[in-house]
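Welcome, and please open your viewer. We will go from stop to stop, with something to select at each one.

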Amino acid sequence: MSSLDAGFYFIEDENVPMHVGSVLVFDGPAPSYGDVIRLFVSRLEHVPRYRQKVKALPFHVGRPVWVDDDHFNVLYHVRHTAVPSPGGEDQLRNLAGRIFAQKLDDSKPLWEAWLVEGLEGGRWAIISKVHHCMIDGVSGTDMLQLMLDFQKESVVPEPAEWKPAPQPSTLDLVVDGVRDAVVTPVQHLAALPALARNLRSLNEILDFGKSVLGSLPGTARRLVTRAATSLNGPIGPHRRWVWARASLAEIKQVRRAAGGTVNDVILTAVTRGFRDLLEKRGELIDGMVVRTMVPVSMRKADQHNELNNRVSAVLVNLPVGEADPVKRLASIRTQMDDLKNSRQAAGADVITNLSNFAAPTLMALGSRTAMRFPQQILQTVTTNVPGPRIPLYMLGRPLVEMFPYVPIASTIRITVGIFSYLDKFTFGINADFDGVPDVQLLADGIRAGFDEMVALAAEKDEQG
């Protein structure tokens, strides 16, 4: 396990299950449970990790390792259920919220999939959970492609025979762990010049350093801006999960009128959602921000089939205290341009990789302590995972929509995940059940944010 993957594993507890997830909705009729099982079994040979479980070393003398589960049973991981009548969106969201709130069994491979029948209109769904220590958003999208087809005709091959590899003894793992604790820091020390080797000249190295250092004053200003810290707080064991929708056409319309990227427009709509939430609570003040972490994929084109985490992040202030949506978009656009120019995502990735120097025991303690230490810097996480622009099918049934689930942790009670598929964007908003009973205000506010920007864009088009 890498240091980042191990960190996701170490910080989990009963109130903080660290899996990512999704709900995929299909047009009917629903396939049989047996057909779904056969589909999963036929694909498992392409994802060996899905038959492996985590084995932690005594006293964490080494990082956890992946070993084959010699009692693997696909019927445990692929489950079958139905929603109560009328089978609408509320019933599906409530079911998914309960499933997502449940911690995966760490004595088994860390994933589950649920076939859900009974949706109105003859539709059905797949609810998927995969632990964050084995997958990130981008590789998660890649994994879906193994279960989904690009054409309606579905061919399910006969599964290959599988035999679990013998598990190494605890003594061998301890010896390897001790060796790893000594050798790995040396290897990463030797690898530090890799960034310099990738930059073609001394001038480029100096430019990189100047751009990062030059951005520090702006970063400091963002960190000291008054944030809506009332959104932070302790997390309980239950979840509220809601969603919102937008279309690519309306985002393009806003971009033509006001500029910015697709992500800028999306973050501006999310800003409106948090503004409405705080305003209804009576906590909104001028100049207030909601500080969000925006993960950035560091995955290269040849790394899309690797089951691990290759992700960095930047911090963005969502200007919830600004009443004018045009100024909100301009503020976010300025911040994102500054972050891109300063290469802060690359710098954060270097800092993350420095945790490879930490002895595994200290990393375990450090990860857990960091996530439990009260912090007021971040209020949310907003992650946008691009999906395919062409139709997908499962067992001959067309995929209609998919909604993401991003875990909450530490004192961050709300996360916003975004998927794109075909010409649609879907938002999965995850919140602590007790701390955010009004999370629907956030979802409705996101939709209202798109509506107000589209109206302003249309007005500008009419004016010529």
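**The whole chain**

Start with everything shown. The protein has 464 residues, and buried ones make up 51% of them. Its secondary structure comprises 15 helices and 14 strands. Look, too, at how the chain comes together: among contacts between residues at least 6 apart in sequence, 81% join residues at least 24 apart.

**Colour by confidence**

Now colour by pLDDT. The mean for the protein is 81, with 74% of residues reaching 70 or more. Where is confidence highest, and where is it lowest? Strand β4 (residues 78-82) has the highest value, at 97, while helix α13 (residues 344-353) has the lowest, at a mean of 44. Next, select residues 195-200, where the pLDDT is below 50 and the model has 6 contacts beyond near neighbours in sequence. Residues 303-311 also have pLDDT below 50, and for this stretch the corresponding count is 38 contacts. Where pLDDT is low, the predicted coordinates should not be read in detail.

**Two crossing helices**

Select helix α10 (residues 248-258) together with helix α11 (residues 262-281). Their axes come within 10 Å and cross at roughly 100°. Angles of 65 to 115 degrees count as roughly perpendicular, so α10 is roughly perpendicular to α11. Show side chains to see who makes the contact: Ile 251, Val 254 and Arg 255 from α10 meet Val 262, Val 265 and Ile 266 from α11. By type, these residues divide into 5 nonpolar, no polar and 1 charged.

Stay with α10 for a moment. Its buried residues are Leu 248, Glu 250, Ile 251, Gln 253, Val 254 and Ala 257.

Which residues touch the most other members of the largest nonpolar core? Select Phe 26, Phe 40, Tyr 50, Trp 111, Met 394 and Leu 399 to find them, within a core of 45 residues. Among the elements giving two or more residues to this core are α1 (3-10), α2 (33-43), β5 (111-117) and β12 (397-405). Zoom in on Leu 399: leaving aside neighbours within four places in sequence, Leu 399 contacts Leu 24, Val 25, Phe 26, Leu 148, Leu 392, Tyr 393 and Tyr 421.

A second, separate core has 42 residues, including Ala 246, Leu 248, Val 265 and Val 290.

**Arg 93**

Move to helix α4 (residues 89-101) and pick out Arg 93. Is Arg 93 buried or exposed? Its relative accessibility is 12%, so Arg 93 counts as buried. Not counting residues up to four places away in sequence, Arg 93 touches Trp 241, Val 242 and Trp 243.

**Leu 441**

For the last stop, select Leu 441 in helix α15 (residues 439-463). Leu 441 is partly exposed, with a relative accessible area of 27%. Leaving aside neighbours within four places in sequence, Leu 441 is in contact with Gly 273, Asp 276, Leu 277 and Lys 280. Finally, draw a distance from Leu 441 to Val 242: their C-alpha atoms are separated by 10.0 Å, although the two are 199 residues apart along the chain.

Methods:
Residues numbered from 1 in each chain as written. Predicted model: local features only at pLDDT ≥ 70, side-chain atom pairs only at ≥ 80, totals over all residues. Heavy atoms only, no water. Axes fitted to C-alpha atoms, helices over the stretch in contact; angles between N-to-C directions. Helix = DSSP H or I, 4+ residues; strand = E, 2+ residues; numbered from the N terminus. Parallel < 35°, antiparallel > 145°, perpendicular 65-115°, else oblique. Contact = heavy atoms within 4.5 Å. Nonpolar A, V, L, I, M, F, W, Y, C, P; charged D, E, K, R; others polar. pLDDT = per-residue confidence, 0-100. Buried < 20%, exposed > 50% of the residue type's maximum accessible area, 1.4 Å probe, protein only. Core = buried A, V, L, I, M, F, W, Y, C linked by side-chain atoms within 4.5 Å.
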